[in-house]
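Subject: Structure for you to look at

Hello,

Here is the structure I said I would pass on. Please open it first and then read the notes below it.

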Amino acid sequence: MPLDHPLLYPMLAHLLWVTLLYGWLTIVRAPTAWSVGARKDGSNPFAAIEMRITANLRNQFEWPLFFYVVCLLFLQEPSSPHGSEIWLAWLFVIGRFLHSGIQIMTSNVRLRGVIFTVNFVAVLGMWLALLT
């Protein structure tokens with residue numbers, strides 16, 4: 001498997017995104033875990049956003065699992081994926097970025113649902129392309 005395969009880049013982008021989310025979660029947990037930045041009463045000023053980041057991180061290991069599986073299957077194919085599979089992979093990753101932003105920074109469930117649907121369809125499209 002060549003290390004310059006075009007599907008490795010969206011996979012790496014998602015990995016880096018999840019790493020960033022873990023870093024952000026560590027920072028917002030600092031007041032609770034280490035009393036760094038805690039309020040005078042000892043409470044965490046980031047408690048609300050901490051719950052949203054935690055929920056979003058759980059989401060990063062649900063539907064994205066199917067994204068990684070289909071990418072790994074494409075990596076095993078002797079011929080490179082077509083432009084449509086690469087485009088769908090990037091659409092999925094960009095959708096994950098947007099989904100995170102909406103889930104963490106807003107309470108707009110409808111918009112989050114629309115973005116999730118885009119992610120869902122992108123991965124299904126990749127699976128369909130693999131199987132045809």
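Buried means under 20% relative accessible area, exposed means over 50%, and partly exposed is in between, with a 1.4 Å probe and protein chains only. This is a predicted model, in which local features need pLDDT of at least 70 and side-chain atom pairs count only at pLDDT 80 or more, while totals for chains, interfaces and linings use all residues. Residues are numbered from 1 along each chain as its sequence is written, and side-chain values use heavy atoms, with hydrogens and water left out.

Helix H5

Helices here are DSSP runs of H or I with at least four residues, numbered from the N terminus. H5 has 23 residues and spans 32 Å from its first C-alpha to its last. That is close to the expected 33 Å at 1.5 Å a residue, where the expected span is 1.5 Å times one less than the number of residues. Its buried residues are Ile115, Asn119, Ala122, Val123, Met126 and Leu130. They pack against H3 and H4, a contact being heavy atoms within 4.5 Å.

The cores

A nonpolar core is a set of buried Ala, Val, Leu, Ile, Met, Phe, Trp, Tyr and Cys residues joined through side-chain atoms within 4.5 Å. The largest one has 18 residues, and Leu7, Phe67, Cys71, Phe74, Phe92 and Met126 touch the most other members. Helices H1 (8–34), H3 (64–76), H4 (83–105) and H5 (109–131) each give two or more residues to this core. Leaving aside residues up to four places away in sequence, Leu7 touches Cys71, Phe74, Pro81, Glu85, Ile86, Ala89 and Met126. A second, separate core of 7 residues includes Val18, Leu25, Val28 and Ile104.

The surface

Which residues make the nonpolar surface patch of about 460 Å²? They are Tyr9, Trp90, Ile94, Phe97 and Leu98. Such a patch joins nonpolar side chains (Val, Leu, Ile, Met, Phe, Trp, Tyr) within 5 Å, from residues with over 30% relative accessible area and no salt bridge. Areas come from the Shrake-Rupley method with a 1.4 Å probe. H4 gives the most to the patch, with 4 residues. Tyr9 lies in helix H1 and is partly exposed, at 44% relative accessible area.

The salt bridge

A salt bridge is a side-chain nitrogen of Lys or Arg within 4 Å of a carboxyl oxygen of Asp or Glu. The structure holds 1. Arg29 forms it with Glu50, and the closest N and O atoms are 3.0 Å apart. The pair links distant parts of the chain, with Arg29 in helix H1 and Glu50 in helix H2 (residues 47–59), 21 residues apart. Arg29 counts as partly exposed because its relative accessibility is 34%, whereas Glu50, at 17%, counts as buried.

Regards

Key. Patch = residues over 30% accessible without salt bridge, like charges linked within 9 Å, V, L, I, M, F, W, Y side chains within 5 Å.
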